[in-house]
Amino acid sequence: MNKQSEMKKCALVILSFVVIIFLAIRFTIKDPRYELILSNYQLLLEAFFNTIALSLITLIGTLILGFVIFVMLRSKIAYLKYIAAVFSEIIMGTPLLVMIFLVVYPFGQLIGSDNKLILGVLAMILYNSPYVANAYESTAAVVTSEQYIVMDLYDFKWHEKYRYVIIPQIIRPFIPSLVNNLSSVIKGSALLNVISIPEITYMTTVISSKSYAFIEGYYVMWLMYLVVTIPLSLLAKIISKKFSQ
């Protein structure tokens with residue numbers, strides 16, 4: 001009964017927020033013209049799936065580079081450890097918007113590339129990797145000091161420690177962080193609009209500019225992000241709760 005009561009309260013709160021959002025979208029604009037935005041649904045759908053695809057590619061790259069940073073930070077070679085530490089501090093102290101400009105323009109010119117799509121994704125990977133490395137470090141706490149002693153006694157090489165002991169144990173507790181990181185990447189991808197990548201923010205801005213329905217465009221943009229990020233947030237909470245049992 002108590003659980004059912006909690007579910008009813010939760011459903012009531014969700015319904016209340018849905019009503020508030022609906023009222024805001026419908027009545028905060030005089031003579032709303034959402035049809036001017038929604039008539040371009042094909043472009044909006046393309047932008048939606050572009051955002052998902054870019055975010056997934058970014059997530060995969062981030063998982064790889066973040067793991068490299070994580071390993072370097074735990075390395076016994078001081079030089080590698082300091083490289084990873086300084087790199088992480090620089091990246092974490094740099095706003096994502098600045099990172100995108102630095103990678104797409106100065107770095108792009110340095111390597112002779114003007115592919116904004118690839119460079120934009122690279123900027124996202126670089127920006128998110130130190131945060132993922134910290135997530136790896138947090139979940140690695142499940143490996144006890146006794147296990148490290150045993151690994152040293154059996155003379156495990158560094159890659160054997162990760163392959164046979166550390167990685168198998170951190171996968172489960174790392175999954176909620178992974179889902180949350182995907183949500184953050186999707187929201188962060190909105191800044192790729194400054195380099196004209198056809199994702200949600202860029203496309204809705206272009207459509208709004210042509211139709212002069214700016215506020216309507218931002219409401220549509222908001223809902224498109226919520227459609228993705230809210231289920232991901234709920235999924236992360238469910239997974240976290242399940243793994244904590």
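Helix H8 spans only 34 Å between its end C-alpha atoms, while a straight helix of 31 residues would span 45 Å at 1.5 Å a residue (the expected span is 1.5 Å times one less than the number of residues). Welcome to a predicted model, where local features need pLDDT of at least 70, side-chain atom pairs count only at pLDDT 80 or more, and totals for chains, interfaces and linings use all residues. Residues are numbered from 1 along each chain as its sequence is written, and side-chain values use heavy atoms, with hydrogens and water left out.

**Overall layout**
- The protein chain has ten helices and zero strands; helices (H or I, at least four residues) and strands (E, at least two) are DSSP runs numbered from the N terminus.
- The C-alpha trace spans about 75 × 65 × 25 Å along its principal axes.

**The bend in H8**
- H8 bends by about 50 degrees at Arg172, and Pro173 follows within four residues; the bend is the angle between axes fitted to the seven residues ending there and the seven starting there.

**H6 with H8**
- The axes of H6 (residues 116-139) and H8 (residues 158-188) come within 10 Å and cross at roughly 155 degrees (axes are lines fitted to C-alpha atoms, for helices over the stretch in contact, and angles run from 0 to 180 degrees between N-to-C directions).
- That angle makes H6 roughly antiparallel to H8 (over 145 degrees; under 35 is roughly parallel, 65 to 115 roughly perpendicular and the rest oblique).
- On the H8 side, the contact includes Pro173 and Phe174, and on the H6 side Met124 and Tyr136 are among the residues involved (contact means heavy atoms within 4.5 Å).
- The contact residues divide into eight nonpolar, five polar and no charged (Ala, Val, Leu, Ile, Met, Phe, Trp, Tyr, Cys and Pro count as nonpolar, Asp, Glu, Lys and Arg as charged, and the others, Gly among them, as polar).

**H5 with H6**
- The axes of H5 (residues 96-111) and H6 come within 9 Å and cross at roughly 130 degrees.
- That makes H5 oblique to H6.

**H7 with H8**
- H7 (residues 145-153) and H8 pack at an angle of about 165 degrees, with axes 11 Å apart.
- H7 and H8 are therefore roughly antiparallel to each other.
- Gln147, Tyr148, Met151 and Asp152 of H7 meet Lys161, Val165, Ile166 and Gln169 of H8.
- These residues divide into four nonpolar, two polar and two charged.
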